[in-house]
Amino acid sequence: MELKAAIHGRKSIRGYKEDPVPKEILSEIIEASLRAPSAMNVQPWEITVLAGEPLEELRRMNVEKLGSGALPSSDFGHSKPFEGVHKERQRALGFELYRLLGIARDDKAKRMEWTMKGFRGFDTPAMIVLSADESVESRMAASDIGGLVQTICLVAFEYGLGTCINNQGTLFPDEVRKITGIPETKKIYLCIAIGYPDWDHPANALESERETIETMVRWVGL
Ligand SMILES: Cc1cc2nc3c(=O)[nH]c(=O)nc-3n(C[C@H](O)[C@H](O)[C@H](O)COP(=O)(O)O)c2cc1C
């Protein structure tokens with residue numbers, strides 16, 4: 001597949017078929033993605049692939065925790081609310097997604113139901129959890145893991161698989177560590193939901209917008 005076609009074709013998939021993703025396919029995708037660059041080639045990422053009962057357990061835990069009113073928080077603390085233009089972009093995405101899903105602004109129950117789906121990692125047959133040793137500076141690890149994650153999503157797309165980078169799935173990190181056996185000395189960054197897209201799901205019609213190059217780039221010296 002041509003690289004630019006993959007970059008433009010990949011998008012977040014939030015509705016999946018139940019079909020399992022064969023371990024060999026997941027393995028090929030991850031193996032190719034391990035070519036992602038990292039600062040000084042330290043390759044700080046640690047990759048845990050979940051499916052079957054452990055993944056179901058993680059989902060049950062997330063739903064129970066969220067349902068009990070527990071406050072989700074990453075290993076790096078509570079996320080700060082976005083402000084200004086960032087808040088606007090976040091709202092535009094949410095507005096379009098809820099419109100496609102037919103969920104009204106004031107329908108708190110349906111919105112919560114959708115949030116729960118995000119915490120369930122969109123019910124994919126597999127999930128890839130990314131962590132790094134606590135000794136690695138989080139600024140470094142985050143950028144390296146970011147590159148790996150995009151690489152995984154692009155390679156998965158080439159295999160006809162959908163992905164959604166999923167912060168929500170790992171927001172009870174102590175519980176995620178217990179379920180997955182990830183040691184306490186590892187920080188959990190995020191996970192990727194991965195599976196075969198259900199193209200009839202309304203959420204998959206979402207085409208997120210991007211700012212123009214004029215808005216995003218300052219040219220200095222050229
Ligand atoms: C670090 C990161 C975390 C994300 N976490 C979530 C998430 O928890 N739930 C979700 O629905 N989408 C999540 N996304 C997907 C973004 O909403 C999505 O990438 C963005 O809206 C752009 O859309 P696109 O991926 O379709 O191009 C995440 C993306 C990134 C990069």
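**Close-up 1. Arg111 over the ring of Tyr98 in the predicted model.** Arg111 lies over the face of Tyr98. The distance to the ring centre is 4.1 Å.

**Close-up 2. The aromatic pair of Phe76 and Tyr189.** Three aromatic pairs are found when the whole structure is searched. One of them is formed by Phe76 and Tyr189, with 4.7 Å centre to centre and 50° between the planes. Phe76 has 40% relative accessibility and so counts as partly exposed. Tyr189 counts as buried because its relative accessibility is 12%, and buried means under 20%.

**Close-up 3. The aromatic pair of Phe119 and Phe172.** Phe119 and Phe172 also form a tilted pair, at 6.3 Å centre to centre and with 45° between the planes. Phe119, at 5% relative accessibility, counts as buried. Phe172 is buried as well, its relative accessible area being 7%.

**Close-up 4. Thr180 and its surroundings.** Thr180 is part of helix α7. With a relative accessibility of 18%, Thr180 falls under the 20% limit and therefore counts as buried. Its side chain reaches the backbone nitrogen of Ile182, at 3.3 Å. When neighbours within four places in sequence are left aside, Thr180 is in contact with Thr48 and Leu50.

**Close-up 5. Asn41 and Gln43 in the loop between α2 and β1.** Asn41 is located in the loop that runs between α2 (23-33) and β1 (45-51). Although Asn41 is not a glycine, its phi is positive, at about 55°. Gln43 is found in the loop between α2 and β1. Gln43 is not a glycine either, yet its phi is positive, at about 45°. Gln43 has a relative accessibility of 38% and so counts as partly exposed.

Definitions and conventions: Residues numbered from 1 in each chain as written. Predicted model: local features only at pLDDT ≥ 70, side-chain atom pairs only at ≥ 80, totals over all residues. Heavy atoms only, no water. Helix = DSSP H or I, 4+ residues; strand = E, 2+ residues; numbered from the N terminus. Buried < 20%, exposed > 50% of the residue type's maximum accessible area, 1.4 Å probe, protein only. Phe/Tyr/Trp six-rings, centres within 6.5 Å; stacked < 30°, edge-to-face > 60°. Lys NZ or Arg CZ within 6 Å of the ring centre and 35° of its normal. Polar contact = N/O pair within 3.5 Å; in protein donor to acceptor, adjacent residues only side chain to side chain. Contact = heavy atoms within 4.5 Å.
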